[in-house]
Amino acid sequence: QVQLVESGGGLVQPGGSLRLSCAASGFPFSLYGMAWFRQVPGKQREWVSSIDIDQTTIYADSVKGRFTISRDNTKNSVDLQMNSLKPEDTAVYYCNTRWGDKEWGQGTQVTVSS
């Protein structure tokens, strides 16, 4: 069975940094592009960043230059380094395949506030 377990969230001040991690299992990880998504109450889940099987990365305009996605195929993990955090980055962050077609994990809460 597919399992996606996010961790690393927390409360940080504007301008601070966090590193999120996603542990994946139950599918051939190295054959899938992976992505991070985020969701705030009352709004749809939005795509944040993707990393392809060849390590090519893309980012939403709202996080470009501040976030960095990476993957480790030996550990079946996807990380999201978040720098220069803004209050509008506050959300629950989820990982999934690039197409979001696996069962969602519980996510990890990121709160950016003074």
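Predicted model: local features only at pLDDT ≥ 70, side-chain atom pairs only at ≥ 80, totals over all residues.
Q: Leaving aside neighbours within four places in sequence, which residues is Pro87 in contact with?
A: Contact here requires heavy atoms within 4.5 Å. With neighbours within four places in sequence left aside, the residues in contact with Pro87 are Pro14 and Val112.

Q: How many Å apart in space are Pro87 and Ser113, C-alpha to C-alpha?
A: In sequence, Pro87 and Ser113 are 26 residues apart. In space, the distance from C-alpha to C-alpha is 5.8 Å.

Q: How many helices and how many strands does the protein chain have?
A: Read along the sequence, the pattern of the protein chain is β-β-β-β-β-β-β-β-β-β. The count is therefore zero helices and ten strands.

Q: What is the radius of gyration of the protein chain?
A: The C-alpha atoms fill a box of roughly 40 × 25 × 20 Å along the principal axes. For 114 residues the globule rule gives 13 Å, and the protein chain is close to that, so it is as compact as a globular protein of that length. Its radius of gyration is 13 Å.

Q: Which two residues does a disulfide join?
A: A disulfide needs two cysteine sulfur atoms within 2.5 Å. By this rule the count is one disulfide. The S to S distance is 1.8 Å, and the residues joined are Cys22 and Cys95.

Q: How many residues apart in sequence are the parts that Cys22 and Cys95 tie together?
A: The link of Cys22 and Cys95 is right-handed, with 55 degrees about the S-S bond. Cys22 lies in strand β3 (residues 18-25) and Cys95 in strand β9 (residues 91-97), so the pair ties together parts of the chain whose separation in sequence is 73 residues.

Q: Among contacts between residues at least 6 apart in sequence, what percentage join residues at least 24 apart?
A: The contacts counted are those in the protein chain between residues at least 6 apart in sequence. Of these, the share that join residues at least 24 apart is 54%.

Q: What is the phi of Asn76?
A: Most residues other than glycine have a negative phi. Asn76 is in the loop between β7 (67-72) and β8, and at 23% relative accessibility it counts as partly exposed. Although Asn76 is not a glycine, its phi is positive, about 50 degrees.

Q: In which loop is the place of Ser84?
A: Ser84 is a residue other than glycine with a positive phi, near 50 degrees. At 41% relative accessibility, Ser84 counts as partly exposed. Its place is in the loop between β8 and β9.

Methods. Residues numbered from 1 in each chain as written. Heavy atoms only, no water. Helix = DSSP H or I, 4+ residues; strand = E, 2+ residues; numbered from the N terminus. Rg over C-alpha atoms; globule rule 2.2 N^0.38 Å. Buried < 20%, exposed > 50% of the residue type's maximum accessible area, 1.4 Å probe, protein only.
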